[in-house]
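Please open the model in a viewer and keep the sequence at hand. The stops below are given in the order in which they may be selected.

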Amino acid sequence: MKVILQQDVKGKGKKGQLVEVSEGYGRNYLLPRGLAVAATADNMNQMKQAEEARAHREAVERAEAEANAKKFESIIVHMTAKGGTSGRIFGSVTSKEIAAQLKKEHGIEINKQKIVLDEAIKSFGTFELKVKLYPEVVGKLKVQVTEAE
């Protein structure tokens, strides 16, 4: 019996896959619990349309992420921090502060978890950070930290 999985089923497959299962397993376990639907022509058509819609949505999101990555290359985020002697900052500049400043200066809202800080920013200067916008799409963002007066 061929069925289309509606949810991930351990040992059988992932959601949206067309799998071959035994007649009893499909009729007595998968179908009554809503884990799968029979592979009729209508259901196959719906599966195909859902797959095309998902692929289109992913392509649009990826294109948007790549456009944002190009936009980030020309942006410099200016941060101010209180500092002590020898060019050190009291505390550090966090990704939350960078995300807030990016929104304030340039109107671009981004989740703080997408900003990758290899190590904490604890000194003044210009730093180049990575921003994970989409799987396999990484932008570069420049952050300039100056001393508050």
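Strands (E, at least two residues) and helices (H or I, at least four residues) are DSSP runs, numbered from the N terminus, and two strands pair if DSSP finds at least two bridges between them. The model is predicted: local features need pLDDT of at least 70, side-chain atom pairs count only at pLDDT 80 or more, and totals for chains, interfaces and linings use all residues. Residues are numbered from 1 along each chain as its sequence is written, and side-chain values use heavy atoms, with hydrogens and water left out.

Select V131 to begin. In strand 9 (residues 137-147), its bridge partner is G139, while I115 stands opposite V131 in strand 8. Strand 8 and strand 9 run antiparallel and are joined by 9 bridges. Their hairpin has 2 residues between the strands, and E136 there takes a positive phi near 70°.

V116 has K130 as its bridge partner in strand 8.

Now display the whole open sheet: 4 strands in the order 4-9-8-6, with mixed pairing. Strand 4 (76-81) and strand 6 are the edge strands, each pairing on one side only. Helix 3 packs on this sheet and touches strand 4, strand 6, strand 8 and strand 9; its direction makes about 120° with that of strand 4 (axes are lines fitted to C-alpha atoms, for helices over the stretch in contact, and angles run from 0 to 180 degrees between N-to-C directions).

Finish at S95, in helix 3 (residues 95-106). Is S95 buried or exposed? With a relative accessible area of 17%, S95 is buried (under 20%; exposed is over 50%, partly exposed in between, with a 1.4 Å probe and protein chains only). Leaving aside neighbours within four places in sequence, S95 is in contact (heavy atoms within 4.5 Å) with K112, I115 and L117.
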